[in-house]
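Open the structure in your viewer and keep the selection panel at hand. The tour goes from one selection to the next.

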Amino acid sequence: MTICTKAFINFLQLVDIWRLLHPSVTNSSSVTNSSSVTNSSSVTNSLPNSQVDDQCSIIKLFLFYRLHVTRVWEATRTQPILQWEKSSAVCMAIVSGIWFRSCLYLLCVVAATRAAIDRSQEATYKLIYEDIKTIVGCYRRFNGTHEIGCTTGMNGNVGVIHYVNSTESLDWLINSGSHDPYIPLIPSTFFVGSTIKRLVNSGKVNGIMVAQADLSDVQSYPPNGFSPELKCPNAESSMYKDDPKYSCEKHQFNLDGNGILFEDLKMPVMLLKSQEEVDKVMDCYLAHNVPSGGDNASEPSLPLCAAELKAFMHAAGNSEICLRRNNLIRNFSPSQYCQELGGYSSLAFLKETPKDTSRNKTIVIISRTDSSSLFEMMQPGASSPAASMAILLSVAETLKRRRDEILSAGYNVLFLALTGESFDYIGSQKLVYDMQRDFFPNKTSNSARMNLADVHLIIELSQFVQLGRGLSSKIFYHTDPNTKSSFQSIPDFITKLEATSPSLNVVFGAASADQPLPPSSSQVFIRGLESTGVPVIVLADYNAKFKTEYYNSYLDTPEIQGVFPNRSAVQYNETSDIAKVLANVSTGISDAVVMYTTNVSSDSSYKADSDTVHHVLYCLLISPDCDLFHTVLAPKDVSVVNGTTTPFPFYVSVFSAGVSTQHIQKLMLQMLAYFTGDETDLSEEDCVDNSSSPTSTFWINGRSFANGTRQNVCIRSTAQYHAASSPAFEIEGYNFSSGLYSTWTESVWPNVDAFHVRIFLKPSPEVELASMVAGITLFIVAAIVAVLVQRRAAILFPSHSTPETLTTGS
Amino acid sequence: MLTQLDLLEQSLDLSKVSNEEKLKICRKYYLAGFALLPFVWAINAVWFFKYAFKSTEFPEQKKMRSYVLQSLVGCVVWTIALIIWISLYQINRASWGLIGDQISFIIPLNRI
């Protein structure tokens, strides 16, 4: 008994000592020359640190176990004890020893294997693949009846890389290339509608990689432009859809549009944004894939440089199917398949109209605030909508100074910054729908309701950037040929508009008389009041066809549009030439509105501030981290723009109830509030919305002083959001194929690894077969050896012999 | 003394069970199959086929044959019905629209 206790105490002491000596214990490895320890330590050398520690402690324990057994053994020898005590002590020592030993081995083996697998996986991955990380993907969208855009299966699409930069290389790929499927790498100059259509229809292509243009170099843009929009944008929602005279086929405003955005490409398209990574792909291509032999070029043999592109989309079919599936609760399925496109439009009146008072005649000034493109969050929007947004805000600022004149003449002005207009006019459809139901401006607010009959005149601002190129300074006014004759307000306003021209460097002139309204939000308003329509004037720099060749494109940049030809040279405080031109347009419109409403002649002392126009353009197109955005944002929201050097995308994005997910929408509201609202002397605590007032309060950062500080200020304005969410999604039992309202949704994709591009060398089928055969052979050989060894276990491992083998042996 | 396990083992080894007992088990399986369990019928048919049709005659064999035969037919009918239904479902699920989604346990991603 004594020896047992002693051994146990001994053991505890040892553990204590071990704990005390913990750091120095490692040195004691010289005590032992156990081969197992040396072996495992050699394994540990290459392991990550944490695992080395784990294993060291196990080794240390093992050493102490040995010491412990030795001591017990010595104790049993030196002290006269009973036989059973002696044997039990030894037993205990041995059992614990075996336990330790097995733990040690097991842990060593597990840790080593795990590390080896991790390392070899990573090493193997690196041996095989090269990740291309700076990419932007194209994804899937749906309307009520169709799916469009890009997709791959869960494992991505694989194809041999081929550099396609000319018609010759395109022809070669489609007619002669024998290693299809291919994944062409296309420079931005050659990524145009005809190329994409030929590739997609060839059946030999599994995906497309596009090398992003050097935005500052005009040479790297496609020579004839690139607009993935339809030739007739929003044709499905056009008011002339069934009009034999003015239908889309007869009047295509976006003649450069190739419609790629609305094609079901069924394959991934990836934009490679980093020149370094494009070079990496090119190096791989040049080293392995270049066809040799000039004219009758033949492709080199495998291995070839290949790419794997993945853009895995959850949803399929159309909006009706995926929205229906969103609502089904299913195990093992994601909670969402697709999300509706939408966001928040902003609006502001020149003056609020409280409930129970009659509305003044309202002139509505509209600009859209969204653009679209093939690639995720790549909507530079220089030609549309940046310029019209700047003019809208400038007109708001200018008219606010003449508010009293306009109001006393019995007029009011409504400024609308609509979003979702690129996808069948989501913003205006919802607005008109609410006007029809008498829910506008707000179902619950304290302002008087406004409906379509209250609309006295709509002035829509379309595209203006071409003015900056100095090619023309003419602004065309477009009217609807079917309804214009029934409204006296149109010719009256036009007279005033034309009267402003002489003093400005812009000319307002009529667009061709025999053409319809261009694709514009106003069409939705006209359709909304079917009996008479509403009077509409659309102002734009184009007549029969958009001047921009990059409408709704990822290349609609300020550089190519001539807004800011040299991005890095643009200063916030140096008013650009385009801003001066646009300010003149703004002055013209503002003057016309004042002359029209008050019947006084032009007053040159009220000019639009070209600095404001420049600031808006700068903040929208160059950097959101600018003084104007800092001024108009609430102090708590400034972090949104702080340190953000890339412009915010103009994409409408997906609708989410109660929050605007796109910064542009939030900023547009704040700017409208800032330019139309009145500064108050309220403190932050008092700057809260009054439930009985039709206006809202905005606690904003305020203007900056010379020393850089800002005086926060409370603004009272009628500015408010208006949800841009298609009525189609709220009407019970809406017929998704009716085409009445926008039904656009976009697919949800996985949170992790939804889009990726990686390149690798694709071996020849012979090599693939050989490695497969080798693997199977190895497996069979190993199995045979194992069986043979087991059969002869008695001979090979005599000590481990089982009772059966013993009996057969005897 | 026989343990529980031994008993179970014995009853599972049909060769050690009396003919009367066999019929009892066969009948139980046959009846259980009506609870929409075609697999039980399949097992019954396979398990007792030997005794019902191949072995030397015994008094309970006639009844056993009828059970086995009915189980066999039942499970064949079930199999055919299932094959037809599964093919129909797999081919037409997408075109059934809402109903197709409602009767599906898993709705595939990236496909209609």
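This is a predicted model: local features need pLDDT of at least 70, side-chain atom pairs count only at pLDDT 80 or more; totals for chains, interfaces and linings use all residues.

**Stop 1: the interface**

Select chain B together with the part of chain A that it touches. Here 15 residues of chain B are in contact with 19 residues of chain A. About 1,400 Å² is buried between the two chains. Carbon and sulfur atoms give 57% of that area.

Seven residue pairs across the interface of chain B and chain A are in polar contact, both residues being at pLDDT 80 or more. On the side of chain B that touches chain A, eight residues are nonpolar, four polar and three charged.

How many salt bridges are there between chain B and chain A? The count is two. For a salt bridge to select, take A:R325 and B:D101: their side chains meet at 2.9 Å, N to O.

**Stop 2: A:K545 and A:D256**

Widen the view. Over all chains the count comes to 24 salt bridges. Select A:K545 and A:D256, whose side chains form a salt bridge at 3.2 Å, N to O. A:K545 sits in the loop between β17 (536-540) and α15 (577-598) of chain A, and A:D256 in the loop between β7 (208-211) and β8 (269-272), so the pair ties together parts that are 289 residues apart in sequence.

A:K545 is partly exposed, at a relative accessible area of 31%. A:D256 is partly exposed too, at 25%.

**Stop 3: A:R437 and A:E730**

Move to A:R437. Its salt bridge with A:E730 has the closest N and O atoms 3.4 Å apart. Which parts of chain A does this pair tie together? A:R437 lies in the loop between α12 (426-436) and β14 (455-461), and A:E730 in the loop between β21 (720-725) and β22 (745-747), so the parts joined are 293 residues apart in sequence.

A:R437 counts as partly exposed, at 30% relative accessibility. A:E730 also counts as partly exposed, at 38%.

**Stop 4: A:R567 and A:E559**

Select A:R567 and A:E559. Their side chains meet in a salt bridge at 2.8 Å, N to O. Is A:E559 buried or exposed? A:E559 is buried, with a relative accessible area of 7%. A:R567 is partly exposed, at 27%.

Select A:K430, A:D434, A:R437 and A:E730 together. Salt bridges that share partners join these residues into one network.

Note on methods: Residues are numbered from 1 along each chain as its sequence is written. Chains are lettered from A and ligands numbered from 1 in the order in which they are written. Side-chain values use heavy atoms; hydrogens and water are left out. Contact means heavy atoms within 4.5 Å. Buried area is the accessible area (1.4 Å probe) that two parts lose on being put together, summed over both. A salt bridge is a side-chain nitrogen of Lys or Arg within 4 Å of a carboxyl oxygen of Asp or Glu. A polar contact is a pair of N or O atoms within 3.5 Å; within protein, one must be able to donate a hydrogen and the other to accept it, and residues adjacent in sequence count only if both atoms are side-chain atoms. Ala, Val, Leu, Ile, Met, Phe, Trp, Tyr, Cys and Pro count as nonpolar, Asp, Glu, Lys and Arg as charged, and the others, Gly among them, as polar. Helices (H or I, at least four residues) and strands (E, at least two) are DSSP runs, numbered from the N terminus. Buried means under 20% relative accessible area, exposed over 50%, partly exposed in between (1.4 Å probe, protein chains only).
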